[in-house]
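Here are some notes for a colleague opening this entry for the first time. Please read them with the structure in view.

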Amino acid sequence: MPSAPSKLYADDVSLLVVTLDTNPFFWSTFPFPFAEFLSQVLAFLNTILLLGQLNQVIVIATGCNSCGYVYDSTSDKNHGSTTGTMPALYSNLLHNLDEFLARDRQLDADASHAPGIVPSSLLSGSLSMALCYIQRAFRSGPMPPQPRILCLQGAADGPEQYVAIMNAIFSAQHSTVPIDSCYIGSNNSAFLQQASYITGGIYYKPPQLDGLYQYLSTVFATDLHSRAFLRLPKSVGVDFRASCFCHKQTIDMGYVCSVCLSIFCEHHDKCSTCGG
């Protein structure tokens with residue numbers, strides 16, 4: 001898939017919206033600790049801000065029940081200053097992240113999950129929030145920064161989110177916003193593979209999480225203009241399987257409604273979506 005086409009952006013100014021997977025069910029079963037993952041991500045975010053004085057970083061936490069903004073560099077005018085021994089970026093983000101995790105945990109207390117099954121993270125919600133913020137940036141002036149989305153995801157795909165995620169992907173493609181994906185889970189993510197392929201972004205699964213910062217800084221810190229001159233990783237293959245609308249399961253073959261293009265794993269005389 002070719003790189004995302006350029007628009008009239010401000011030179012050398014990037015708007016990076018990061019979706020951060022905070023699913024506690026995933027991290028409690030994953031061998032790589034969340035604290036170590038977060039420390040390397042924070043170092044990467046600090047690198048983005050240091051690469052350009054006008055660069056902007058937005059962080060959206062992706063829980064299993066909700067999503068929320070946890071950091072906005074445009075509202076933190078002193079991200080280069082320090083509070084004690086920690087940069088303000090670290091302290092502000094960690095404080096907001098703790099509050100978000102507490103709220104998401106409270107929502108989880110009212111939800112029921114099947115035993116032994118790790119619930120998926122709300123990726124569709126965080127992508128929608130990222131696109132909403134970018135659309136607001138487009139309207140901020142005649143020369144907005146170059147926007148891109150970076151999904152740091154670990155939990156498995158949730159087939160029940162298929163329609164919402166595909167809508168977000170096509171919306172990003174229409175707005176020429178590339179979606180980069182760094183997947184750290186055990187298997188590949190079909191949703192993120194499709195998102196990066198369709199929008200002209202980069203999909204990468206780091207082989208060694210101990211060096212996560214190195215992968216982030218060498219693969220995903222590159223601005224859109226510079227990517228044309230670099231040999232960046234390319235996906236070996238993309239899983240284009242869809243999820244059926246009836247049982248929310250990933251299928252290899254199915255039935256498609258000729259009116260609304262809804263996908264079903266079993267034959268139906270009447271489409272349950274449009275009635276056709």
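1. Strand β6 (residues 146-153) is mostly covered, with eight of its eight residues buried. Buried means under 20% relative accessible area, exposed over 50% and partly exposed in between, with a 1.4 Å probe and protein chains only. Helices (H or I, at least four residues) and strands (E, at least two) are DSSP runs, numbered from the N terminus.

2. The model is predicted: local features need pLDDT of at least 70, side-chain atom pairs count only at pLDDT 80 or more, and totals for chains, interfaces and linings use all residues. Residues are numbered from 1 along each chain as its sequence is written, and side-chain values use heavy atoms, leaving out hydrogens and water.

3. In a regular strand, side chains alternate between the two faces of the sheet. From β6, Q146, R148, L150 and L152 point one way, while P147, I149, C151 and Q153 point the other way, and all are buried.

4. β6 runs parallel to strand β1 (residues 14-21), joined by seven bridges; two strands pair if DSSP finds at least two bridges between them. T19 stands opposite C151 in β6.

5. Strand β7 (residues 179-183) also pairs with β6 in the parallel sense, over five bridges. Here I149 stands opposite I179 in β7.

6. Which cysteines are buried? C64 is, with a relative accessible area of 12%, and C151 is too, at 0% relative accessibility.

7. A disulfide is a pair of cysteine sulfur atoms within 2.5 Å. By this rule the model has zero disulfides.
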